[in-house]
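Trainee: Could you take me through one part of this model, the place where the two chains meet? I'd like a close look, with the terms spelled out as you go.

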Amino acid sequence: MSEAGATKKFLYINRKAPYGTIYAWESLEVVLIGAAFEQDVSLLFMDDGVYQLIKGMDTKGIGMKNFSATYSALGDYDVNKIYVDKDALAERGLTLEDLQHLVWEDENEDWAEKDSIRLVSRDEIAGLLEEQDVIFNF
Amino acid sequence: MKFGIMVNEGPYTHQASDSAYFFTKAALDKGHEIFRVFFYHDGVQNGTDFTTPPQDDRNVVKRWSELAQEHDLDLVLCVAAAQRRGLVDEDEQKRHGKDGHNVAPGFRISGLGQLIEAGIQADRLVVFGD
């Protein structure tokens, strides 16, 4: 959709807990709209942002819409590079098992289901940031 | 250089809009191009002309409007964020049957696609907020 036809690397960094502020949800809204622009998209969850991917979320007690299911739909939007800061998980007593199992289907391999989440170290995050053209920080 | 600007916080509570304004003004003064200023989250509150700060304080909203007029800036309020936070232009007033409209001169309401486009078209997208 870019006039120049060029694809840029977009990274959405999510650093805040899913509820308590609107940033997590309004970040997702940008990701979903942005998916239509066919750019090279990655998501990074760090700091309290790792809580956004926790499975079994129940928001009834706070009277807010539970948007957990939206994360599992990201694969259908070709958003399948989801990086999680493994130290941020460990610092909060969490492991990969506590997160939703996010997958995408690879059309180049007969729609084989593949994992979207990649645990990364902070050194790897530095490299990831270095590669990007556009970074949103939510 | 061609800049895109994103403002994520409301006026007065947070300095983000002030910093974005001074950055935008400085970039223009140096001969750079501002592709668009996009207001998101509480940042949309920078676009309400119902704002009436005390006379001895800066008028954050009016300052953006004047800069827009002077440099033909494109100031865009995200529609989804604006609807949640009571920012209403004449079209939205009619559509939702509201009593008035409050989008300040120089601002317009549009979609998040305008933000992504700014990311694609600008050489640098500079984000102001936490």
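Mentor: Let's start with a term: a salt bridge here is a side-chain nitrogen of Lys or Arg within 4 Å of a carboxyl oxygen of Asp or Glu. By that rule, the side chains of B:Arg85 and A:Glu26 form one, at 3.0 Å from N to O. Three salt bridges are found across the interface of chain B and chain A, while a search of the whole structure over all chains gives 23.

Some ground rules. This is a predicted model, where local features need pLDDT of at least 70 and side-chain atom pairs count only at pLDDT 80 or more, although totals for chains, interfaces and linings use all residues. Residues are numbered from 1 along each chain as its sequence is written, chains are lettered from A and ligands numbered from 1 in the order in which they are written, and side-chain values use heavy atoms, with hydrogens and water left out.

Now the interface itself. Chain B puts 20 residues into the contact and chain A puts in 22, contact meaning heavy atoms within 4.5 Å. Between them the two chains bury about 1,800 Å², 60% of it on carbon and sulfur atoms. Buried area is the accessible area (1.4 Å probe) that two parts lose on being put together, summed over both. On the chain B side, B:His41, B:Ile116 and B:Ile120 supply 33% of the area that chain B buries against chain A, more than any other three residues.

There are polar links too: nine residue pairs are in polar contact across the interface, both residues at pLDDT 80 or more. That term means a pair of N or O atoms within 3.5 Å; within protein, one must be able to donate a hydrogen and the other to accept it, and residues adjacent in sequence count only if both atoms are side-chain atoms.

Which elements of chain B give two or more residues to the side that touches chain A? They are helix H3 (79–85), helix H5 (113–121) and strand S5 (124–128) of chain B. Helices (H or I, at least four residues) and strands (E, at least two) are DSSP runs, numbered from the N terminus. H5(B) brings the largest share, seven residues. By class, this side of chain B has 11 nonpolar, four polar and five charged residues, where Ala, Val, Leu, Ile, Met, Phe, Trp, Tyr, Cys and Pro count as nonpolar, Asp, Glu, Lys and Arg as charged, and the others, Gly among them, as polar.

So what does H5(B) lie across? H5(B) lies across S1 and S7 of chain A, at about 125° to S1(A). Axes are lines fitted to C-alpha atoms, for helices over the stretch in contact, and angles run from 0 to 180 degrees between N-to-C directions.

Those two strands belong to an open sheet of five strands in chain A, with parallel pairing and the order S6-S3-S2-S1-S7. Strands S6 (117–120) and S7 (134–137) of chain A stand at the edges with a single partner strand each, so one side of each has no neighbour in the sheet. A:Phe10, for one, has A:Val41 in S2(A) as its bridge partner.

Over in chain B, S5 is an edge strand as well, along with S4 (107–110), and each pairs on one side only.

Terms used:
Two strands pair if DSSP finds at least two bridges between them.
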